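User: Hi! I am new to reading protein structures. Could you walk me through a few features, one at a time?

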Amino acid sequence: MSLTKNPNVLKWVEEMTALTKPDKVVWIDGSKEQIDALKAEAISTGEMLELNQEKLPGCLYHRTLPNDVARVEDRTFICCKNKEDAGPTNNWMDPDEMKAMLTPMYDGAMKGRTMYVIPYSMGPIGSPLAKVGVEVTDSIYVVLNMNIMTRMGKQAFENLGDESNDFVRGLHSKADVDPEKRYIVQFPEDNAIWSINSAYGGNVLLGKKCFALRIASYQGKNEGWMAEHMLILGVKKPDGEVKYITAAFPSACGKTNLAMLIPPEGYKKDGYEVFTVGDDIAWMKQGEDGRLYAINPENGFFGVAPGTNKKSNFNALASTMKDTIFTNVAINNDDNTVWWEGLDKNPPENATEWKGEKVNGKEFTADGNKLAHPNSRFTAPAKNCPCISPEFDNPAGVPISAIIFGGRRASTTPLVYQSFDWTHGTYMGSAVSSETTAAATGAVGVLRHDPMAMKPFIGYNVGDYWAHWLEMGEKLGDKAPKIFNVNWFKQDENGNFIWPGFGDNMRVLDWIIKRCEGTIDADETAIGYLPKKTDINVEGIEDEVTPEVMDKLLAVDKDLWTKEIAEMRRYYKEDIADKGGNVPEALIKELDKLEERLAK
Ligand code: OXD
Ligand code: MN
């Protein structure tokens, strides 16, 4: 039975049913009974495995096909009418051509299967910043994940109302999971997403990257708000005030870790606390008081499992202890629990590796094999997180004091610096880049540009996206958050990291907050405001971060920055302007000014 009278929803679901021809249509109301029945069905067919219900209550396990383990950027498209509107960072195809190509693939794709109709809200129900989506899918795995990652079910339709046409239409079929016919397609002008031949999270949980970033960034440009690839955290100070900060880093730079940071002992003793509002996506809009407010549109964490342990991210690990779905990790068959590289130093002997083969985990990993896929995931409810913010469900969002950009840079970029103003900060965001690590590619130190950490997620032309950032700055005026850049990954001559990172990043957040409050001075340098050498608190880590190390962490090397400027000129011209991206004049000017300051 349908859950809404909204004729726009009914008509679209009817069309999708006629196209995909499922045996049955089930509307997802989000009730516990319905979810429990779907879990039982998925367990009975082997789609999901039930884990040890004493040690991991409510937790399930899923294995994807080995050819279907990550987002597929080369098969991801932005289909708007004009190619120029997709810009140089996106694959593009004419929307009609794309639909003509995909329609035969969807035709009858759900024969013999059930179509699930999932209404969901991105953002707290009733929030003026929230938006509704409807996803139809032939995968129970998708339903169960959407149940964790979004506010799903009847409540979302109540939020949409009986008339509105303002919902994102998501069509997903795993079809034959054929990698040659896999397409992840956004139609921003139609509020629509089509995903086919995948069953992996980032490609099929359409509320996440497809809607909350690609479609939403386009909506944000048109409606005057921002959808960003940012964590949101709150720092409670000893006086009880909470300051909120967002941060954008490319993947594998520790967003989830920073979002769930545990402050060093000294800070804890002084009364500091860190709260998580989000670990991946922020929707931000100007509030009535003129400040920028952020909500996390998601309701859970879709985190990378390998490397997560008690020390690296206690709060993330704790979040996975109940009602969590694990995908492509390894199973410890002795007690039917899960294991992944970096969880501990003790791979289970009696293991099932991620592809499903039973192995002796100790021997298997000794040969250099991995038990868990490097991109294996946990889907965990946000409310499980021990440090979840009390404001997590606040429909108004939280007021943002600072925006942080960062990447993985062995040299050049200091530990932290502050932009002179919003425009300069927008330049800094456009210059976000990360160096590949030896582990990932073999080619160490190759610079990948990832503006605002949004390269794979900007749903329109990157030049227009930068212009939108500049417009937002004008609107916010002196109420705008301050913009910073951080680099946790500086190395010495021998390739050793010289900043401890993890919880000690609190020391940098502390400086950032004091800069926002105007209670601490800074050194004005060519690249921005840098901390005075003694203003980063190193109490408790003096042995590691000596004054000499601090000198290195905060160094601005003229030769390296000259190279950086040359590379940014090349990037703006060859990668953006020559390929149809309109780099705003104001950003080129920032580059000129940076060069002038450096020459002085
Ligand atoms: C993610 C990503 O999964 O950025 O969050 O790839
Ligand atoms: Mn992400």
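**Reading strands, a metal site and a helix pair**

Analyst: Happy to! Let's begin with one pair of residues: Gln 418 has Phe 484 in β29 as its bridge partner. Keep in mind that this is a predicted model.

User: Which strands pair with β29, and in which sense, parallel or antiparallel?

Analyst: Strand β26 (residues 416-418) pairs with β29 in the antiparallel sense, over 3 bridges. Strand β25 (residues 398-406) pairs with β29 in the parallel sense, over 5 bridges. There, Ala 402 has Lys 482 in β29 as its bridge partner.

User: What coordinates the manganese ion (ligand 2)?

Analyst: In general, ideal angles at a metal are 109.5 degrees for four tetrahedral donors, and 90 or 180 degrees for six octahedral ones. In this model, the manganese ion (ligand 2) is coordinated at 2.2 Å by Lys 209 through NZ, His 229 through NE2 and Asp 280 through OD. Along the chain, these donors follow the spacing K-x19-H-x50-D. His 229 and Asp 280 are 51 residues apart and link distant parts of the chain. His 229 is in the loop between β12 (226-228) and β13 (231-236), while Asp 280 is in the loop between β15 (273-278) and β16 (282-286).

User: Why does His 229 count as buried?

Analyst: The cut-off for buried is under 20% relative accessible area. His 229 has 6% relative accessibility, so it counts as buried. Asp 280 counts as buried too, because its relative accessibility is 9%.

User: Where is Asn 505, and what does Asn 505 touch?

Analyst: Asn 505 lies in the loop between β29 and α16 (506-517). With a relative accessible area of 5%, Asn 505 is buried. Leaving aside residues up to four places away in sequence, Asn 505 touches Leu 258, Leu 261, Trp 488 and Trp 499.

User: At what angle do helix α18 and helix α19 pack?

Analyst: Two packed helices are described by the angle between their axes and the distance between the axes. Here helix α18 (residues 558-576) and helix α19 (residues 585-599) pack at about 160°, with axes 11 Å apart. That angle makes α18 roughly antiparallel to α19. The crossing of α18 past α19 is left-handed. Residues of α18 that meet α19 include Trp 561, Ile 565 and Tyr 572; on the α19 side, Leu 587, Leu 591 and Leu 598 are among them.

Methods
Residues numbered from 1 in each chain as written. Chains lettered and ligands numbered in written order. Predicted model: local features only at pLDDT ≥ 70, side-chain atom pairs only at ≥ 80, totals over all residues. Heavy atoms only, no water. Donors = N, O, S within 2.8 Å, 3.2 Å for Na, K, Ca; no water. Helix = DSSP H or I, 4+ residues; strand = E, 2+ residues; numbered from the N terminus. Buried < 20%, exposed > 50% of the residue type's maximum accessible area, 1.4 Å probe, protein only. Pairing = 2+ DSSP bridges. Axes fitted to C-alpha atoms, helices over the stretch in contact; angles between N-to-C directions. Parallel < 35°, antiparallel > 145°, perpendicular 65-115°, else oblique. Left-handed = near helix turned anticlockwise from the far one by under 90°. Contact = heavy atoms within 4.5 Å.
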